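I opened the notebook to record what I looked up in this structure. The entries follow the order in which I checked things.

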Amino acid sequence: MDKKSLQEVLKLAKGGNQEAICYFIKKFQLLIKKFARQLNYDCAETDLIIYLLEFIKKMDIEKMSGLSEGEIVNYIIKLLRNKKIDIYRKNCLALEEIHTEEDCYVENKLEIEDQMDLNQLINTLPDKHRTVIVSKYIYGYSDAEIGTSLGISRQAVNKLKNKALEKLKLQIKEEENGKRNN
């Protein structure tokens with residue numbers, strides 16, 4: 001397979017040639033493993049390989065014939081990266097569905113009343129601010145991961161996080177001042 005061009009290997013793989021399919025998977029195996037580690041769930045590598053195989057079966061050979069090998073490789077890298085992002089977003093949505101707003105914010109040793117107060121405080125934040133705070137401090141996602149799921153930069157996530165924390169601090173101070181005055 002090494003002497004054949006990538007277009008020829010693609011044609012063979014599309015035709016069901018097992019050796020060509022294996023060659024293709026091995027060619028992108030390191031990238032698939034990297035993305036699977038980033039996704040951080042058991043079957044991520046398998047899901048990405050299946051997606052690659054589905055792409056091979058469905059691809060239009062005519063569109064690929066005019067591309068250089070480098071362009072084909074870059075195209076497949078972008079394809080796998082986009083699939084990784086799609087899987088990540090679906091997993092984030094699944095996590096949000098699993099955890100209701102009442103029980104997901106705090107799972108440490110806070111008293112029930114404190115948890116309710118914290119939930120109320122967090123619920124006063126705008127949607128993006130709330131999503132960043134919950135993702136960062138409850139689910140433990142990094143700024144880069146949150147940015148990927150929201151479609152914004154890591155720096156924008158950091159700004160949203162800092163603004164949200166400032167709003168929470170101000171609200172807590174206002175509540176403390178209100179309790180002292182009463």
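Are Phe 24 and Phe 28 buried or exposed? I found that both Phe 24 and Phe 28 are buried, where buried means under 20% relative accessible area, exposed means over 50%, and partly exposed is in between, with a 1.4 Å probe and protein chains only.

**Ground rules**

I note that this is a predicted model, in which local features need pLDDT of at least 70 and side-chain atom pairs count only at pLDDT 80 or more, while totals for chains, interfaces and linings use all residues. Residues are numbered from 1 along each chain as its sequence is written, and side-chain values use heavy atoms, with hydrogens and water left out.

**Overall build**

I counted helices and strands as DSSP runs numbered from the N terminus (helices are H or I with at least four residues, strands are E with at least two). The chain has 11 helices and 0 strands. Along the sequence I read the pattern α-α-α-α-α-α-α-α-α-α-α. The chain has 182 residues, and 29% of them are buried.

I then looked at contacts, which means heavy atoms within 4.5 Å. Of the contacts in the chain with a separation of 6 or more, 62% are between residues 24 or more positions apart.

**Nonpolar cores**

I looked up the term before using it: a nonpolar core is a set of buried Ala, Val, Leu, Ile, Met, Phe, Trp, Tyr and Cys residues joined through side-chain atoms within 4.5 Å. As background, nonpolar side chains in soluble globular proteins tend to be buried together.

The largest nonpolar core has 33 residues, and the members touching the most others are Phe 24, Leu 52, Phe 55, Ile 76 and Leu 80. Two or more residues each come from α1 (6-14), α2 (18-27), α3 (29-39), α4 (44-58), α5 (61-65), α6 (69-98) and α11 (154-181). The largest share, 6 residues, is from α6.

Which residues does Leu 80 contact, leaving aside neighbours within four places in sequence? I listed Phe 28, Leu 31, Ile 32, Phe 35, Leu 48, Tyr 51 and Leu 52. Apart from this core I found another, of 5 residues, including Leu 121, Leu 125, Ile 133 and Leu 168.

**Aromatic pairs**

A pair of aromatic rings is described by the distance of the centres and the angle of the planes. The rule I used pairs rings of Phe, Tyr and Trp (its six-membered ring) if their centres lie within 6.5 Å; planes under 30 degrees apart count as stacked, over 60 as edge-to-face and the rest as tilted. By this rule I have 3 aromatic pairs.

One of them joins Phe 24 and Phe 28, at 5.4 Å centre to centre with 55 degrees between the planes, and it is tilted. Another is Phe 55 with Tyr 75: the centres are 5.9 Å apart and the planes are at 45 degrees, so this pair is tilted. Phe 55 is in helix α4 and Tyr 75 in helix α6, so the pair ties together parts 20 residues apart in sequence. Phe 55 is buried at 12% relative accessible area, whereas Tyr 75 is partly exposed at 39%.

**Helices α9 and α11**

How do α9 and α11 pack, by angle and axis distance? Their angle is about 95 degrees and their axes are 9 Å apart. Axes here are lines fitted to C-alpha atoms, for helices over the stretch in contact, and angles run from 0 to 180 degrees between N-to-C directions. The two helices are therefore roughly perpendicular (65 to 115 degrees; under 35 is roughly parallel, over 145 roughly antiparallel, the rest oblique).

On the α9 side I noted Lys 128, His 129, Val 132, Ile 133, Lys 136 and Tyr 137, which meet α11 residues including Val 157, Leu 160 and Ala 164. His 129 lies in α9 (residues 127-138) and is buried at 10% relative accessibility. Not counting residues up to four places away in sequence, His 129 touches Leu 160, Lys 163, Ala 164 and Lys 167.

**Cysteines and Glu 45**

I found 0 disulfides, a disulfide being a pair of cysteine sulfur atoms within 2.5 Å. Cys 22 is partly exposed at 42%, and Cys 43 is partly exposed at 43%.

Last, I checked Glu 45, which is in helix α4 and partly exposed at 27%. Its contacts, not counting residues up to four places away in sequence, are Gln 29, Ile 32, Lys 33 and Ala 36.
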